[in-house]
Amino acid sequence: MTDTRSFDVVLYGATGFTGRLAALYLANYNQNDTTFKWALAGRSESKLEELRNEISKKNSSDITILVADCNDSAALDQITSQCKCILNFAGPYTKYGEKVLESCVDNGCHYVDLTGELGWVKRMMDKLEQRAVENKVRVIHVSGFDSVPSDLATLLVTLKIKQEFNVDTLSCSGLWYSVKGGMSGGTLASMQEMMKPENVEEYLKMKSDPQYYNPVDLKTGLDEADLQYPRWFPEFGRWGSGFIMSPLNVRVVRRSNALLGYGKEFTYTEGMMNYSYLRAKSSCVLNNTLTSATSFSFVRSLLGRYGPQPGQGPDPKTFDKSGFCLKVAGRPVGDAERVVMCTVSGKGDPGYQLTARMMVEAGLCIALKADGLPDRVGFLTPASGIGVPYAERLEKYAGITFKTEVVDGPSSG
């Protein structure tokens, strides 16, 4: 890819709730860093103008606006041919993402999004992977709260195990100690789209295959089904329950293992931390009920009618009271006494404010060719496609911390 393109990163779908947060973050960022060029893009010129005017009150930089409908391939090609990396915020991706992604692949433009719609991702992989590799394009999905913390924390644990003990990683387990944030209309629309009759079959395939996202020839069959009942996590000395994001997170981490080779028998599981068995039991019942309920059309209709609409989201005044903490523990092969723990945490709404930052930093890592960037192309994960430089940028600029250390071994409970 040539370095003479007009823009390093372009925010497509910039006027949506998370896209707007990303634009404001990038505008403030750009006040202190003029080494990259960026632009706003989307289908509504008037909304893009409104956003540019809002940004201009905080940053006097002249920001370019690029207009293209997500179904207008010619207009999309005009954008993707002049930028190094597209950050696509325009979901649901099952409805709006295909031509944006295809334009990127055909024009040698790297692509980052925050989709959790793995059924759509699989279809795009089948259609576009060979072209992406031939055109040396990185395609990085799930580059937000789904599933960057889980994916990068596991990567850092496995690297620490290799550094400290010079062995592979036998297994990793993740527990969410806290998650506090809101929901936007865009997220709700994506959930509804994924559970529609025409898409639910693929969702059920994902649920039935713990390694659904792995390359077909790199499935080991060792990972367990999604957590539906309380489970004791000895590495933490805590009970775990199912967590609504975990079915996606675990499959992303498992794909990273397939691509990077954490260990021949490596497995990953994940849940929500609970202080007692009874709390874990109650949490499992609630999680299973919520997951099942969205498969009914009348539930989706009620959510669409009374929930937040696209473009709407949590009140920014609540962001300072939001945040998350995830701990991932890894066991070295052949050593049951030692554990490596990575604690990931961030202050701010994880699904929106912090996701916006994760998206921006992923794009900048790729576009600016950060030191240590993996030499890989095609359909990748945050860990396999961006890796350690991504975690470093998140710590330096986005306020997300990663603490990796050797700790005492498993607890018998």
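How many aromatic pairs does the structure hold? The structure holds 14 of them. Rings of Phe, Tyr and Trp (its six-membered ring) pair if their centres lie within 6.5 Å; planes under 30 degrees apart count as stacked, over 60 as edge-to-face and the rest as tilted. This is a predicted model, where local features need pLDDT of at least 70 and side-chain atom pairs count only at pLDDT 80 or more, while totals for chains, interfaces and linings use all residues. Residues are numbered from 1 along each chain as its sequence is written, and side-chain values use heavy atoms, with hydrogens and water left out.

Take Trp176 and Phe243. Their rings form a tilted pair, 5.6 Å centre to centre with 50° between the planes. Trp176 lies in strand S7 (residues 169-180) and Phe243 in the loop between strand S9 (238-241) and helix H10 (246-260), so the pair ties together parts 67 residues apart in sequence. Helices (H or I, at least four residues) and strands (E, at least two) are DSSP runs, numbered from the N terminus. Both Trp176 and Phe243 are buried. Buried means under 20% relative accessible area, exposed over 50%, and partly exposed in between (1.4 Å probe, protein chains only). Elsewhere, Tyr25, Tyr29, Phe36 and Tyr397 form one aromatic cluster.

Now to helix H3 (residues 73-80). Its buried residues are Ala75, Leu76, Ile79 and Thr80. Seen down the axis of H3, they fall within an arc of 135° (taken from the directions from the helix axis to the C-beta atoms), so they line one face of the helix. On the other side of H3, Ala74 and Gln78 are exposed.

Charged residues come next. The structure holds 18 salt bridges, each a side-chain nitrogen of Lys or Arg within 4 Å of a carboxyl oxygen of Asp or Glu. Arg131 forms one with Glu102, the closest N and O atoms being 3.0 Å apart. This pair links distant parts of the chain: Arg131 is in helix H6 (residues 118-134) and Glu102 in helix H5, 29 residues apart. Glu102 is buried, at 19% relative accessible area, whereas Arg131 is partly exposed, at 26%. Asp106 also forms a salt bridge with Arg131, with the closest N and O atoms 2.7 Å apart. Asp106 is in helix H5 too, 25 residues from Arg131. Salt bridges that share partners join Glu98, Glu102, Asp106, Lys127 and Arg131 into one network.
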